[in-house]
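This report goes through a protein chain from its overall make-up to single residues. Please keep the sequence and the model open while reading.

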Amino acid sequence: ARYFSKLTRLASVLITASLLLLVLSVCLRPLPAAAAVSHLIDRIQAGNSPVLQLAPQVSGWTPPVIIDSPYVYNISAAIVNGNPAVSYHKDGKNDLEYARSIDPLGSSWITRSLDTAGNVGYGNSLATVKGNPAISYIDTSGASINYIRASNASGSSWGAPKIVKTGISTYGRTNLKVVNGYPAITYLNYDSEALVYVRATN
């Protein structure tokens with residue numbers, strides 16, 4: 001019975017793969033390779049791809065809103081002064097970026113570059129500290145954990161970055177929380193293979 005069950009599952013996978021290949025071959029057959037790929041992308045973006053028809057979209061969600069593009073990594077999200085906000089690393093520029101929606105639903109966003117010195121913004125963590133948004137993040141060029149905090153509640157203006165810890169090798173994530181009223185950061189130090197905790201005193 002167990003052997004028969006395995007054969008049944010294998011047959012199901014093969015049938016599904018065959019159907020997908022058949023759909024793709026019908027869709028792409030008249031076109032050269034490069035044009036075929038472009039054609040398929042156009043059909044997917046238009047919402048009429050036969051591949052998408054095999055996996056219908058989930059209902060109950062708003063249409064996607066592009067905050068920034070391309071090359072966005074290491075995203076952290078929070079509610080900042082009533083509206084959704086995100087911090088992230090912008091590859092290519094190698095900057096720490098911050099974006100906040102102009103409304104509570106996230107229909108339109110304003111982006112800002114917060115730290116542009118070196119290769120910064122990896123492993124960032126966004127939180128509200130004493131009423132204003134703040135971010136912990138990694139500076140790989142300076143081998144440091146950094147911290148930056150806005151000077152107002154919405155994050156339209158920011159103070160200068162502060163170095164929390166230097167001389168480390170870390171490519172993981174930071175995690176920013178408020179502990180007893182002050183910002184606290186946890187991070188992984190890959191050199192010592194240690195989980196580290198630091199907290200501000202003022």
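What follows covers the fold, the cores, the aromatic pair, the salt bridges, the surface and some backbone details.

**Basis**

This is a predicted model, in which local features need pLDDT of at least 70 and side-chain atom pairs count only at pLDDT 80 or more, while totals for chains, interfaces and linings use all residues. Residues are numbered from 1 along each chain as its sequence is written, and side-chain values use heavy atoms, with hydrogens and water left out.

**Overall make-up**

The protein chain has three helices and 11 strands. Helices (H or I, at least four residues) and strands (E, at least two) are DSSP runs, numbered from the N terminus. Read from that end, the order of elements is α-α-α-β-β-β-β-β-β-β-β-β-β-β.

Of the 202 residues, 31% count as buried. Here buried means under 20% relative accessible area, exposed means over 50%, and partly exposed lies in between (1.4 Å probe, protein chains only). The chain exposes about 12400 Å², and carbon and sulfur atoms supply 60% of this area. Accessible areas come from the Shrake-Rupley method with a 1.4 Å probe; for residues, only the protein chains shown count as cover. Among contacts (heavy atoms within 4.5 Å) with a separation of 6 or more, 33% are between residues 24 or more positions apart.

**Nonpolar cores and the aromatic pair**

A nonpolar core is a set of buried Ala, Val, Leu, Ile, Met, Phe, Trp, Tyr and Cys residues joined through side-chain atoms within 4.5 Å. The largest one has 13 residues, and those with the most contacts inside it are L96, Y98, L114, L126, I135, I148 and W158. At least two residues of this core come from each of strand 1 (72–80), strand 3 (95–101), strand 5 (120–129) and strand 6 (132–139). Another core lies apart from it and has 10 residues, including A134, Y147, I185 and Y187.

Rings of Phe, Tyr and Trp (its six-membered ring) pair if their centres lie within 6.5 Å; planes under 30 degrees apart count as stacked, over 60 as edge-to-face and the rest as tilted. One aromatic pair is found by this rule. The ring centres of Y98 and W158 are 5.0 Å apart and the planes stand at 65°, so this pair is edge-to-face. Y98 is in strand 3 and W158 in the loop between strand 7 (144–149) and strand 8 (162–165), so the pair links distant parts of the chain, 60 residues apart. Both residues, Y98 and W158, are buried.

**Salt bridges**

A salt bridge is a side-chain nitrogen of Lys or Arg within 4 Å of a carboxyl oxygen of Asp or Glu. The whole structure holds three of them.

| Salt bridge | N to O distance |
|---|---|
| D68 and K90 | 3.0 Å |
| K93 and D95 | 3.9 Å |
| K93 and E97 | 3.2 Å |

D68 sits in the loop between helix 3 (50–54) and strand 1, and K90 in strand 2 (residues 83–90), so their bridge ties together parts that are 22 residues apart in sequence. D68 is partly exposed at 27% relative accessible area, whereas K90 is buried at 9%.

K93, D95 and E97 are linked in a network of salt bridges.

**Exposed nonpolar residues**

L188, Y190 and L195 form a nonpolar surface patch with about 320 Å² of accessible area together. Such a patch is made of residues with over 30% relative accessible area and no salt bridge, with nonpolar side chains (Val, Leu, Ile, Met, Phe, Trp, Tyr) joined within 5 Å. L195 belongs to strand 11 (residues 194–199) and is exposed at 68%.

I163, in strand 8, is also exposed, at 57% relative accessibility. Leaving aside residues up to four places away in sequence, I163 touches S144, I145 and N146.

**Backbone details**

Most residues other than glycine have a negative phi, and most peptide bonds are trans. S69 and P70 are joined by a cis peptide bond, with omega about -10°. P70 lies in the loop between helix 3 and strand 1, and Y71 is found in the loop between helix 3 and strand 1 as well. Y71 has a positive phi, near 60°, and is exposed at 53%. N81, in the loop between strand 1 and strand 2, has a positive phi near 50° and is exposed at 52%.

Note on methods: Patch = residues over 30% accessible without salt bridge, like charges linked within 9 Å, V, L, I, M, F, W, Y side chains within 5 Å.
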